[in-house]
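Subject: Structure handover

Hello,

Please find the structure below. My notes on what was found in it follow.

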Number of protein chains: 2
Amino acid sequence: MTPVPAEAGRNTRNVMVSRAAFEVPGFLAGAAASGMRYEGRLDMALIYAPDPTGCAASGVFTRNSFCAAPVELCRDRLKGGSPRAILVNAGIANACTGEEGKIRAVEMARIASAALGCSADSVLVSSTGVIGMQVDLDSVARSMPALVRDLRPDGWRRAAKAIMTTDTVEKTASVKIDPGGGSIITVGGMAKGAGMIAPDMATLLVFVCTDAALSPEVLDYWTRAGAEGSFNCITVDGDTSTNDSLIVLASGAAANPPITDVGSGESQAFGRALGSVLRDLAIQVVMDAEGATKLIEIEVSGAADRESARKVAFTAANSPLVKTAFFGEDANWGRIIAAAGRSGVPLVPERVALFFENLCVFEKGAPVPGEETEREASGIFKQKEIHVRLSLGQGDASFTAWTCDLSLDYVKINASYRS
Amino acid sequence: MTPVPAEAGRNTRNVMVSRAAFEVPGFLAGAAASGMRYEGRLDMALIYAPDPTGCAASGVFTRNSFCAAPVELCRDRLKGGSPRAILVNAGIANACTGEEGKIRAVEMARIASAALGCSADSVLVSSTGVIGMQVDLDSVARSMPALVRDLRPDGWRRAAKAIMTTDTVEKTASVKIDPGGGSIITVGGMAKGAGMIAPDMATLLVFVCTDAALSPEVLDYWTRAGAEGSFNCITVDGDTSTNDSLIVLASGAAANPPITDVGSGESQAFGRALGSVLRDLAIQVVMDAEGATKLIEIEVSGAADRESARKVAFTAANSPLVKTAFFGEDANWGRIIAAAGRSGVPLVPERVALFFENLCVFEKGAPVPGEETEREASGIFKQKEIHVRLSLGQGDASFTAWTCDLSLDYVKINASYRS
């Protein structure tokens with residue numbers, strides 16, 4: 001595996017991402033209601049590549065020790081396989097379900113493969129929802145004919161709706177680029193996730209498809225780089241889930257000259273496109289986080305190295321006191337400073353500066369004095385999207401994390417999710 | 001410094017701690033209202049040792065890079081000094097206040113020393129409250145005569161009330177022991193803290209006094225051991241504050257044969273007494289945490305080493321999803337398992353077992369089936385104090401953390417604390 005440099009997935013300049021309806025040549029998407037856990041709503045999604053050659057594929061998964069059965073299935077099947085379909089259910093996570101859970105994940109794939117007429121091991125499976133419950137295979141089998149009938153090139157928004165749990169809106173993103181040479185390539189996909197969101201593959205489920213022709217190695221490189229620059233930069237509550245999965249499939253239907261050299265201009269262009277879609281989906285997840293009312297971008301600059309910047313950014317991004325201050329629209333810079341100070345990265349207070357947007361509120365070890373500063377800061381905290389910059393004064397490295405506020409609704413939603 | 005073994009501060013067997021009124025021979029305590037930030041309530045406290053020889057003293061302080069001015073002052077003055085007094089104000093933390101803050105901390109000590117008639121450098125200063133505001137020295141000077149007049153042997157409950165911020169009850173604890181040899185020794189003190197509570201000296205302020213005669217080395221050893229076994233085992237929100245201070249003074253008024261050997265039976269008895277008082281105060285802090293409705297004890301056993309056990313315990317203890325589940329009285333074991341799985345400690349799901357009190361809810365990689373288990377678990381989650389035990393199946397090490405639930409009131413309190 002080619003190592004991914006820290007910044008590889010973060011270059012998304014000059015890429016216009018659309019959240020409107022889209023199609024990815026070579027793929028169909030569909031949705032159906034199985035009634036497995038939710039009454040009368042879409043809860044099954046299917047992505048399918050009709051071409052029997054199958055896809056180049058790559059995936060990044062949760063590092064949680066208790067990873068769910070479908071995660072194990074996908075990890076196995078992505079080792080050198082050529083998948084053609086992803087079947088997803090929402091409502092039951094099939095995590096912490098023992099041997100029986102593994103058997104049911106395999107059976108879900110088999111049911112889909114029989115309906116689609118493809119081989120069983122070319123189907124990937126993904127689940128999201130409550131931990132510890134078994135998926136109901138009868139519901140899967142019963143809804144399968146409707147799900148297959150629903151498949152169509154523009155089925156992505158419906159599919160994105162079907163994979164939601166506590167999400168309030170469906171999340172899709174797509175771009176079209178010319179990587180050089182005149183062929184147009186599309187990258188488009190969907191994500192779900194609203195709680196149990198934290199780095200180390202920081203979402204529940206993300207599925208992105210492209211019609212680009214490229215080698216599995218190039219796809220894998222940009223998938224890992226893209227995850228690093230998107231979902232591994234967000235947090236809602238610091239909780240990494242058992243089911244986090246990012247899967248990228250490439251059909252080759254664009255018929256561009258195949259991209260096989262990671263370092264080529266075409267590869268870089270593809271990487272930017274994929275990275276842009278992933279980053280847009282990641283930000284959509286934070287914006288729709290459980291109870292969230294604000295999107296907070298925390299940029300830590302002037303760090304000795306990227307890991308230090310990351311640590312400081314996430315300590316602030318996960319601090320309940322910082323997050324409740326944003327919810328209360330209280331420009332309480334002291335809590336951000338206090339969080340930075342406990343991050344484990346040694347800081348020299350006199351060198352640290354804190355900005356809300358372009359307003360400096362803290363420097364040289366003390367707050368910037370004045371009623372004016374306080375009033376401007378309060379104004380900024382009323383915004384729906386707030387940019388915070390913390391300059392450490394130690395070096396050139398930086399890291400940007402995205403988080404949201406911690407609201408009364410977050411507690412309400414999570415005090416009663418299961419019951 | 002003699003290193004403190006991991007378990008040194010945790011042995012509190014056979015020690016009965018009282019939360020009722022107490023006196024510590026050799027010390028007076030008092031309170032007054034300065035009007036500095038709160039109207040019409042006690043906000044200044046003073047602890048004073050009238051004997052001019054001064055005290056053996058030890059302190060443990062926050063490791064936050066932005067430590068407050070009074071923390072720096074205490075660190076300096078505890079290096080070989082013999083302090084006689086601690087002056088505390090509540091409402092303004094004197095943190096992130098630059099050079100001016102340092103000058104004001106020194107000036108607070110000077111004002112108290114002039115009123116008490118002792119040397120300026122024998123006074124320690126402690127502050128708690130909002131970060132970034134300067135303490136008002138006029139308020140300190142104006143209230144000082146009343147504060148000195150209020151000093152009395154049984155003034156601890158009033159003093160404990162004066163140091164509160166978002167606390168709802170004052171917190172004191174004391175014990176009397178015979179360390180061997182017939183002398184009776186008292187250890188008693190007070191704590192405040194309700195938010196910004198996390199390990200690495202996990203409280204805002206704790207002041208404990210004893211009349212024991214002992215060497216500074218013995219006192220220092222048991223202070224560090226006691227902190228490790230008490231305040232470093234609790235969390236409310238994972239935020240380590242800028243002002244955390246634990247200070248222990250010993251007057252020697254008990255006139256016991258001085259304890260100078262850490263390993264002696266008398267020293268061990270003193271260590272148990274101090275450890276018990278600290279642990280009781282720490283648990284009082286968690287019980288009175290901002291918005292808390294429940295005290296949760298998370299015991300991780302069967303770990304390969306203590307650090308692994310600590311990591312797993314605190315990952316669960318700080319998880320917003322775990323804490324909201326307790327608030328919602330939803331026996332959602334999956335969230336505890338998911339938190340353990342993301343702690344960074346590699347776990348083998350099949351070896352892990354989870355208990356609520358003595359009820360096993362998860363083992364061999366899957367939940368214990370049955371309506372009965374679910375009903376019993378729900379009953380346990382209605383309790384005010386809940387014991388959770390997670391057995392990792394990897395070794396003999398263990399760690400117990402105390403935390404509370406995350407409630408709607410936590411968000412309400414912290415969305416509006418400053419304004």
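The expected span of a helix is 1.5 Å times one less than its number of residues. Keep that in mind for the first item; note also that this is a predicted model.

Helix α2 of chain B

Helix α2(B) covers residues 98-116, which is 19 residues, so it should span 27 Å. The C-alpha atoms at its ends lie 28 Å apart, in agreement with that figure. The buried residues in α2(B) are G101(B), R104(B), A105(B), M108(B), A109(B), I111(B), A112(B) and L116(B). Their arc around the axis is only 155 degrees, so they sit on the same side of α2(B). The cover over these buried residues includes β2 (44-48), α1 (69-78), β4 (85-92), β5 (123-130) and α3 (137-149) of chain B. Just after the helix, G117(B) has a positive phi of about 75 degrees.

Strand β1 of chain A

In strand β1(A), residues 28-32, five of the five residues are buried. L28(A), G30(A) and A32(A) point one way from the strand, while A29(A) and A31(A) point the other way. The strand β1(A) is joined by five bridges to β2(A), residues 44-48, and the two run antiparallel. In this pairing, A32(A) stands opposite M44(A).

Contact between the chains

Chain A contributes 52 residues to the contact and chain B contributes 51 residues. On the side of chain A that touches chain B, at least two residues each come from α8 (320-327), α9 (333-341), β13 (366-367) and α11 (408-415) of chain A. Of these, α9(A) gives the most, with six residues. By class, this side of chain A has 23 nonpolar, 21 polar and eight charged residues. For the complex, the predictor gives an ipTM of 0.74 and a pTM of 0.78.

Confidence in chain A

Chain A has a mean pLDDT of 87, with 92% of its residues at 70 or more. Among the elements of chain A, helix α3(A), residues 137-149, has the highest mean pLDDT, 97. The lowest, 83, belongs to strand β8(A), residues 205-210. In residues 199-203 of chain A the pLDDT is below 50, yet this stretch has 30 contacts in the model beyond near neighbours in sequence. Where pLDDT is low, the predicted coordinates should not be read in detail.

Regards

Conventions:
Residues are numbered from 1 along each chain as its sequence is written. Chains are lettered from A and ligands numbered from 1 in the order in which they are written. This is a predicted model: local features need pLDDT of at least 70, side-chain atom pairs count only at pLDDT 80 or more; totals for chains, interfaces and linings use all residues. Two residues are in contact if their C-beta atoms, placed from the backbone, lie within 7 Å. Helices (H or I, at least four residues) and strands (E, at least two) are DSSP runs, numbered from the N terminus. Ala, Val, Leu, Ile, Met, Phe, Trp, Tyr, Cys and Pro count as nonpolar, Asp, Glu, Lys and Arg as charged, and the others, Gly among them, as polar. A residue is buried if 20 or more other C-beta atoms lie within 10 Å of its own, exposed if 12 or fewer, and partly exposed in between; C-beta atoms are placed from the backbone. The arc is that of the directions from the helix axis to the C-beta atoms. Two strands pair if DSSP finds at least two bridges between them. pLDDT is the predictor's confidence in each residue, from 0 to 100.
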